[in-house]
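Reader: I'd like to go through this one with you and hear what stands behind each label. Can you put it up?

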Amino acid sequence: MRMPNLREALELAASTKAFAVNRHGGMVLVTYLYHDRQIFAAHPLARELRGAVWEEESGELLSRPFHKFYNLGEPLAPRLEGPMAGEGALVAPKVDGFLVQAFLREGRVVKASRQSLTMGLIRPLVEDLWTQAHDALVRQVSEALGSSTLLFELVHPKAVILQKGQTPGLHLLAARRLADGQYVVPMSPWAKEALGGGERDLEEAAGPLPPGILAARWHLPEEVFGEDPTWEEALKAVRAHALREKGWESLEGAVALLEGGELVKLKTPWAFWVAALLMDFARTVLEAIADDRADDLGALLKDTRPDLHALVEAVAEEVGRQVRGGAALGEAWRGKPRKDFWAEVQRAFPEAHEVLAQRAAVLAYEGSSPEEIWLDARQALRRRPTQERLEGWLQKAHGAALAGLRNREVLAELRG
């Protein structure tokens, strides 16, 4: 994949609100804020604008982090069928954290995030974990491979995206050469032995990692999924959480690196659900209730995200309270004057967000069965006006908890 030059990057960024430009100390970083399928389909070079850094005055490329890549099966993802081995795939656990890129500028190690040359809110966390060994590794790899970007993931309980309770650390994911975009990765011992190292193995190409460096090891598919797995089989294993029984630590799933340099994500249902809740909590949980999947969602979250689990339970309880309460009132008033009945409904359920209770009361009053009342409620939960009213209640009742789930930088990583 060709790397755009600075002029091309700035022209594309100026043409759409989907991209942002960050300047600091004579450097310029270009990244996308959200994924616009039409833009990425029309401008393939946009995939490289995921935090790329240039010298502003000379236009020299300084850092080339991960390009934009997709979940297996998405429209812009590579079409992959048959055995994974046919694509020369390597597989690593999906690490949940903030991307940190490190590179050399005039002989000095520079660190940046995907969004900012100053790293924003994560800067003190990164600096606290960064050591002389990390500086030495940046120099060691750049000397061996030529100008390169080292890609780390910051994991920290003070910088949670999806997964809570992780031990603080900077996990080395890969190095990427600026000249050709080639990824060179820390391999597992089994992969090293099977492949005999090679140019894709970071330690074969650049020497042993300094002591104290945490690395996300890249495995051969057979290590993770069994003998000669297909892409479909691998995705099924990820979705079934079968990897957890094999000591696979990531709740998010896996990332596969193809021999040609393309990347693809194999995500767990847990990762999709938690990301959706953080992006739009009210709509996601209400539609889960509408689809009768709230119990499944709760089971996924109970042990891993108790904060989200508590909020999901609160919404489910409110929906149940309204439907059961409204139905009971309507049944009790059945056969009595409609005008008096409606006055009682308004007295019992006066709030704007109690629309489900009001609907249930009317249906029960008119003789609908409990099944019909719940069917109507589920249909109502899919409609935006109902969602907006219940979202208003959620903000009033649990606003502080919702606000604590995310911030601007978390949302930026989720959209990345």
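Reader: Which residue stands opposite L90 in β13?

Author: L257 does. A word on the ground rules: this is a predicted model, where local features need pLDDT of at least 70 and side-chain atom pairs count only at pLDDT 80 or more, while totals for chains, interfaces and linings use all residues. Residues are numbered from 1 along each chain as its sequence is written, and side-chain values use heavy atoms, with hydrogens and water left out.

Reader: What makes β6 and β13 a pair?

Author: Two strands pair if DSSP finds at least two bridges between them. β6 and β13 (residues 253-257) have four bridges, in the antiparallel sense, so they qualify under that definition.

Reader: Why is β6 called an edge strand?

Author: The open sheet here runs β5-β14-β13-β6, with mixed pairing. β6 (90-93) pairs on one side only, and so does β5 (70-71) at the other edge.

Reader: What packs on that sheet?

Author: Helix α8 (residues 231-239), which touches β13 and β14 (263-267). Contact means heavy atoms within 4.5 Å. The direction of α8 makes about 45 degrees with that of β14; axes are lines fitted to C-alpha atoms, for helices over the stretch in contact, and angles run from 0 to 180 degrees between N-to-C directions.

Reader: How do you know that β1 and β2 belong together?

Author: Same test: β1 and β2 (residues 27-32) share six bridges, antiparallel, and the cut-off is at least two, so they pair.

Reader: What makes a residue buried, and what percentage of the protein chain counts as that?

Author: Buried is under 20% relative accessible area, exposed is over 50%, and partly exposed lies in between (1.4 Å probe, protein chains only). Of 416 residues, 53% count as buried.

Definitions and conventions
Helices (H or I, at least four residues) and strands (E, at least two) are DSSP runs, numbered from the N terminus.
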